[in-house]
Amino acid sequence: MIYILADDLGYGDLGCYGQQIIHTPRIDRMAREGIRFTNHYSGSTVCAPSRCTLMTGLNTGHARVRGNANVPLRPEDITVAELLKEAGYATALVGKWGLGEAGSTGTPNKQGFDYFYGYLNQIRAHNSYPDYLWRNDQQIPLDNEIEIIQHSYAKGVGSVAREKKTHSHDLFTSEALNFIESNQDSSFFLYLAYTIPHANNEGIPMGEIGMEVPALGMYKDKDWPEAQKAHAAMITYLDKDVGIILDKLQSLGIDERTLVIFTSDNGPHAEGGADPEFFDSNGPLKGMKRDLFEGGIRIPMIAWWPGKIDPETESDHISAFWDFLPTACEIAGVEYTGNTDGISFLPAMLGADQKTHDHLYWEFMELGGCQAVRQGNWKAVKYGMTGSIDVPMQLFDLNN
């Protein structure tokens, strides 16, 4: 199993979900060769809580992390990686973690991953040209020169690259390919948590854009703002490497026994000069990152499994990040008796009868606190959970 997670990629940022300007040929091909979900939701509207729900199978009414503060997972928090490791899978995380700093109980190697390479801190992960990355519990120096700055709202440490030589995304793809090749003869779970197209929002100098991509490529000569060129280039850059991963599986002859899921951790952002309206990044949906409206949490999800998933299929099954844990367990033959808010979506992927949720629930403990629930085609959103002013609940018929 390979789970590829983009960072701040919107519902409308891919050609297979209606994007008209940004080129995503490999992900679009992945969708044609597999199944595209139209009612899939992230765990939250920002990074850390969303990833917590993915790992633990609990929604943000029950999960440990409900905002973007540096809150580590605890020893008693059961992750999908732990369950798969116990079932004999080799487990690896490559990319962005955000659920436990060095020395805490929440580091990847303490939460079920045999191997980790990437960023522990989600604030440092905003810089694609870091001075070091982690390999398990060791810092691995890189040849980038950066300036360290303090990020106030999350009390994390951010950075700005001054001399850019090595882009972390390239390292992540290389590490992922090495792990796949090394484990091609066994069962493995690779959580490939890429960090683009997220911006670097920490102290970008005046006049510079906050999106870091090695080259603007086909967008270089477009008559667009520089930030929009960079945003499009990052998505096409991501698309290329998703194709490289799929090609690797086929070249090794293990594609028909490997499930690959591609999705995003929340809706599109308006950071580092990005403008979601420029590319219609949320498609037909209302809102963006930090909203619990549809644009903040409904995301693309594509599943690819040659010989198992019928090509050119689409599912309107209503699902969310916390469904991945029971899905992975069902595939691996693991009987999980712990607490979960999830329902396996394996039947939906295989075209079988699918059990459905009574409802999906979110709460986000920033910006005064907000809640949302979806039940069938009804969606309720409530802001002002923690304030003294009672903000009316908003109720939507998603069909209209």
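Visitor: Over the face of which ring does Lys 379 lie, and at what distance from the ring centre?
Guide: In this predicted model, Lys 379 lies over the face of Trp 362, with 5.9 Å to the ring centre.

Visitor: What makes Lys 379 count as buried or exposed?
Guide: The relative accessible area of Lys 379 is 1%. Buried means under 20%, and Lys 379 is therefore classed as buried. The residue belongs to strand S17.

Visitor: Which side chain makes a polar contact with the side chain of Lys 379?
Guide: The partner is the side chain of Glu 294, at 2.6 Å. A polar contact requires N or O atoms within 3.5 Å, and 2.6 Å meets that limit. A polar atom of the Lys 379 side chain also lies 2.9 Å from the backbone oxygen of Leu 292.

Visitor: Which residues line the largest pocket?
Guide: Both Lys 379 and Glu 294 are among them, as are Arg 298, Phe 293, Phe 396 and Asp 397. Strand S17 (378-383) and strand S18 (394-397) are the elements that give two or more residues to this lining. The space in the pocket is about 200 Å³. By residue class, the lining divides into six nonpolar, one polar and five charged.

Visitor: Over the face of which ring does Arg 298 lie?
Guide: Arg 298 lies over the face of Tyr 11, at 5.9 Å from the ring centre. Since the limit is 6 Å, the distance condition holds for Arg 298 and Tyr 11.

Visitor: How many aromatic pairs does the count come to?
Guide: The count comes to 21 aromatic pairs. One of them joins Tyr 3 and Phe 324, at 4.6 Å centre to centre and with 55° between the planes. Tyr 3 is part of strand S1 (residues 2-6) and Phe 324 of helix H8 (residues 324-332), so the pair ties together parts 321 residues apart in sequence.

Visitor: Why is the aromatic pair of Tyr 3 and Phe 324 called tilted?
Guide: Centres must lie within 6.5 Å for rings to pair, and here they are 4.6 Å apart.

Visitor: Why is the pair of Tyr 117 and Phe 172 edge-to-face?
Guide: The planes of these two rings stand at 80° and the centres are 6.2 Å apart. An angle over 60 degrees is edge-to-face, so the 80° between Tyr 117 and Phe 172 decides the class. The pair links distant parts of the chain, with Tyr 117 in strand S5 (residues 115-119) and Phe 172 in helix H4 (residues 168-182), 55 residues apart. Both residues are buried.

Visitor: Which residues do ring pairs link into a cluster?
Guide: The cluster consists of Tyr 3, Trp 97, Phe 113, Phe 189, Tyr 191, Phe 321 and Phe 324. Phe 324 is also one of the buried residues of H8, which include Leu 325 and Cys 329. Just after H8, Gly 333 has a positive phi of about 75°.

Visitor: Why does Ser 174 count as partly exposed?
Guide: Its relative accessibility is 36%. This lies between the buried limit of 20% and the exposed limit of 50%, so Ser 174 is partly exposed. Ser 174 lies in helix H4.

Visitor: What makes Glu 312 count as exposed?
Guide: Exposed means over 50%, and Glu 312 has 66% relative accessibility, so the term applies. Glu 312 sits in the loop between strand S12 (301-304) and strand S13 (313-315), and has a positive phi near 55° without being a glycine.

Visitor: How do you know that Leu 367 is exposed?
Guide: The relative accessible area of Leu 367 is 59%; the threshold is over 50%, so Leu 367 is exposed. Leu 367 lies in the loop between strand S15 (360-364) and strand S16 (370-375). Phi of Leu 367 is positive, about 55°, although the residue is not a glycine.

Visitor: Where is Pro 197 found?
Guide: Pro 197 is in the loop between strand S10 (188-193) and helix H5 (226-252). The peptide bond from Ile 196 to Pro 197 is cis, with omega near 15°.

Terms used: Residues numbered from 1 in each chain as written. Predicted model: local features only at pLDDT ≥ 70, side-chain atom pairs only at ≥ 80, totals over all residues. Heavy atoms only, no water. 1 Å grid on protein atoms, 1.4 Å probe; cavity = no way out; pocket = protein on both sides within 12 Å on 5 of 7 lines; lining within 4 Å. Points joined across faces, edges and corners; volume = space filled by probe spheres on them. Helix = DSSP H or I, 4+ residues; strand = E, 2+ residues; numbered from the N terminus. Nonpolar A, V, L, I, M, F, W, Y, C, P; charged D, E, K, R; others polar. Phe/Tyr/Trp six-rings, centres within 6.5 Å; stacked < 30°, edge-to-face > 60°. Buried < 20%, exposed > 50% of the residue type's maximum accessible area, 1.4 Å probe, protein only. Lys NZ or Arg CZ within 6 Å of the ring centre and 35° of its normal. Polar contact = N/O pair within 3.5 Å; in protein donor to acceptor, adjacent residues only side chain to side chain.
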